[in-house]
Amino acid sequence: GLNPVNQIVPERVWVKAATDLLDDNMSLGNWGWSDVGTIWLLDFWKAVSADARFILVYSAPEFAVGQMLLCTDGSPASVEEAVMSWIRVNTEILRFYHRNVDRCLLVNSIGVSVSVEKFLQKVGSTFEISLAEHTGSAWGGRRGTGLLASTLARSEEHTSELQSPYV
């Protein structure tokens, strides 16, 4: 059955470490990271930084099951676990998104890799930021691709980083 996973509430020492991380990177302007494991820390990061914005990446359940089939025996139990895990992750993504629409952009993992330029434009317009400093050769020299898009695109190539259905 479905076992919900609640948001993690880190201990005080981690709050200090997170604050230090944000302070240390403030001079970078727009920066971030991509890790499916941070889904369970979204409320934490929202509380730590009033300026934090979130790009929430989802996929279709068949994509998650397909990726699982590449890595396991494909038994009915494995397929069921992949589907349940996909439900947990994507339910949490939607929960956070609907409570924080003004700070979030919800994107499909395939859509990012298909049209990187449109993705960058959407990020820029949604968060009212310029990503011009991140365009250029960060991802195979393609014009208009940058740090953010290249991270997500590389993750798409190595789907376990972006779309691992396992929690």
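## Salt bridges and the face of a helix

Colleague: Going by its relative accessibility, what does D20 count as?
Modeller: The relative accessibility of D20 comes to 29%. Buried means under 20% relative accessible area and exposed over 50%, with partly exposed in between (1.4 Å probe, protein chains only). So D20 counts as partly exposed.

Colleague: Before we go on, what kind of model is this?
Modeller: Residues are numbered from 1 along each chain as its sequence is written, and side-chain values use heavy atoms, leaving out hydrogens and water. Local features need pLDDT of at least 70, side-chain atom pairs count only at pLDDT 80 or more, and totals for chains, interfaces and linings use all residues, the model being predicted.

Colleague: Okay, back to D20. Which residue does D20 form a salt bridge with?
Modeller: A salt bridge here is a side-chain nitrogen of Lys or Arg within 4 Å of a carboxyl oxygen of Asp or Glu. For D20, the closest N and O atoms are 2.8 Å apart.

Colleague: How many residues apart are R95 and D43?
Modeller: Their side chains meet in a salt bridge, 3.1 Å from N to O. The pair links distant parts of the chain, with R95 in helix α4 (residues 76-99) and D43 in helix α2 (residues 42-48). Helices are DSSP runs (H or I, at least four residues), numbered from the N terminus. The separation is 52 residues.

Colleague: Let's switch to α6. Within what arc do its buried residues fall?
Modeller: Helix α6 (residues 116-127) has V116, F119, L120, V123, G124 and F127 buried. Seen down the axis, they line one face of the helix, because the arc they fall within (taken from the directions from the helix axis to the C-beta atoms) is 135°.

Colleague: Which residues are exposed on the other side of α6?
Modeller: The buried set, including F119 and L120, lines one face of the helix. On the other side, the exposed residues are K118 and Q121.

Notes: Helices (H or I, at least four residues) and strands (E, at least two) are DSSP runs, numbered from the N terminus.
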